[in-house]
Each structure stands twice: as structure tokens, then as C-alpha cells.
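Trainee: I am new to this structure and would be grateful for a close look at a single part of it. Could you take the salt bridges as the topic and explain them in one connected answer?

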Amino acid sequence: MSRSLALLTALLVACAPVREPEAYDDWYGPMGELDEDVEEPVQYTDAGYTYPEQGPSVGGLADLAEDFTRKYAPEDLPPDASCGDWVTTSDLPREMWAMVTLHPRYYFKTDGCDSQVDEGDSEEKYYGSFFIEDSTGGIFVLGDSKVAHFDMGDRVKIRIRGIQRSFGLNMVVAHDIVEVDRGPYAIHYTPAPALDFSEYPDETWLGKTVRAEGVVTTDPDTFGEFSILADNGSTYLVALDSELNRRKVHYPIGSRIRATGPVQRAFGDKIIIMRKGQIEVLSTP
């Protein structure tokens, strides 16, 4: 019985018509050098934010930050008394509305407790970091979630409970999201200032959303970073998110692009790109 079944199966297979590969043009699109990646649009505007600041502002946090010192609200006591650079201040917490200017998926590693006991340093890793901005300035916010509970272009009411400054970069190290006003709203940008990168540039542009237009001069490195020579004569570093880098998003040398995003300081100042919609290709070589 089993031999008969095997013979019947062999006959059916032999007589079956050969099936050609399925045409994909109507549901996938052409392949090859044409980029078929998702667009991920982001809305930007050069018009300033019109909603009023309620109480404290983002720009006011800069006066509170102090080099290599982490400040917490009194109710957020440092977990270890040996952390000599962790203190409390009555100036925190502060609560304010601000625009989210970068998708909360950015990875960042920074210094942790500077122990007075063993004079050793520790490191802390944050996987859901982002930037916020209002009409007074922008700031980097360290996040602790791999799930995005809001998006860039949303407004959030944020309660800031901890802040620190490292190498000129102001960072929120402890916060609560009190309320989310979902957009997407257009994110305000300013033209990237002309800077002399042979010296440490002005720190006032850190955290702000800027736009640089120019020509790509290098291929992305292992970390997705490449350079553009802008029309104002400055060379800017543009940093692609790790996901974009894995998707092999690439802008050939000689391409003219317009890059818009907040400015981060980590081994150099760079414009952070989390979505393809943050870069507009104006021409290709």
C-alpha cells in the first residue's frame, strides 16, 4: 500500500506544471539601486513655537546645571552617600511643556556615581533617550525605556527631577512624563550656525534643532556618522541612528542634502538623525 502511494505521489509531481517566480512589481516595486525604504516623514518649520511657556522653561535649566555635578530634587535623595558629585537642590523639580524633537529610542552612555570611597567611576546606559525644546532652548533627556510612549512632534508636560552637565552637554537624568499632547506638530528649527570646529564650539547650540544644507563628503563609518560641507563653510558631522545604519541608509559622496535634527555632544558635536524624514536629498552625483 505504501509503495503504491509513493508511486502515485511521484507521478503527480512529475505531471505538475512548472511554476514561474511570482511577479512582485505590483506589490513591492522595482528592485536594484532604487531605494524602496520607508519614508518616515517629519514636519519642520522655521516659525517659532507660539504656545506660551507655563512656568519654568527649558532654557532656564542651563543656569541650574553645573559641570560634572548631578543635581536631584530633595525627594530624590542620591542612593549612595559616597557619590561625591551627586547633590540635592531646592530648585528641582521643575515642570514644563516642551516639544519632543527626537524619537525616544536614542542610546546614550554617561558617567554614573563618582565614588569618594574607592575613587572609581561607573557608567550608566540609557536606551530610550530623546530631546525636548521650547522657545527658550533645547535639552537632552535620558530615558530608561525601550518602548516609545510618545513620538517626535508630540508635546509633553515633563517634570524634571534631576539634571547634570558633562563636557558642556546639559542632560535631564531623572524625569516623569505627566501628560502627552499628541501631534504630530511641526518641529521648529534654526539654521546651523557657522562654527570653527578646530576649537570647542559654542555650547549654546547643543540640544537645539538645527538645519544644515550642503554636500556629503564622507561615507558613513561603523557608527553611521558622516560629514557634510555646508553652504556656510562649516563641516558638520551627521549621525544616523543604529537602526538606520542597519538598514544601510546611505547618501553617496557628492550628494547634496538637507539634514535637520537636534545637536548632541559625544566625541564631537553632531546632528542626530533617527528617521529618514530628517534628511532631504536635493541632488545626487
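Mentor: In this predicted model, Arg 165 forms a salt bridge with Asp 67, and their closest N and O atoms are 3.8 Å apart. The two partners lie 98 residues apart and join distant parts of the chain: Arg 165 belongs to strand E8 (residues 155–166), while Asp 67 sits in the loop between helix H2 (61–64) and strand E2 (70–72). Arg 165 counts as buried because its relative accessibility is 16%, under the 20% limit. Asp 67, by contrast, counts as partly exposed, at 43% relative accessibility.

A second pair is formed by the side chains of Arg 182 and Asp 154, with 3.7 Å from N to O. Here, too, distant parts of the chain are linked, 28 residues apart: Arg 182 is in the loop between strand E9 (169–181) and strand E10 (187–188), and Asp 154 is in the loop between strand E7 (137–141) and E8. Asp 154 is buried, at 6% relative accessibility.

Asp 231 lies in the loop between strand E13 (225–230) and strand E14 (235–240), and Arg 256 lies in strand E15, 25 residues apart. Asp 231 is exposed, with a relative accessible area of 51%, whereas Arg 256 is partly exposed, at 25%.

Salt bridges also link Glu 40, Arg 105, Asp 241, Glu 243 and Arg 247 in a network. The structure as a whole holds 22 salt bridges.

Note on methods:
Residues are numbered from 1 along each chain as its sequence is written. This is a predicted model: local features need pLDDT of at least 70, side-chain atom pairs count only at pLDDT 80 or more; totals for chains, interfaces and linings use all residues. Side-chain values use heavy atoms; hydrogens and water are left out. A salt bridge is a side-chain nitrogen of Lys or Arg within 4 Å of a carboxyl oxygen of Asp or Glu. Helices (H or I, at least four residues) and strands (E, at least two) are DSSP runs, numbered from the N terminus. Buried means under 20% relative accessible area, exposed over 50%, partly exposed in between (1.4 Å probe, protein chains only).
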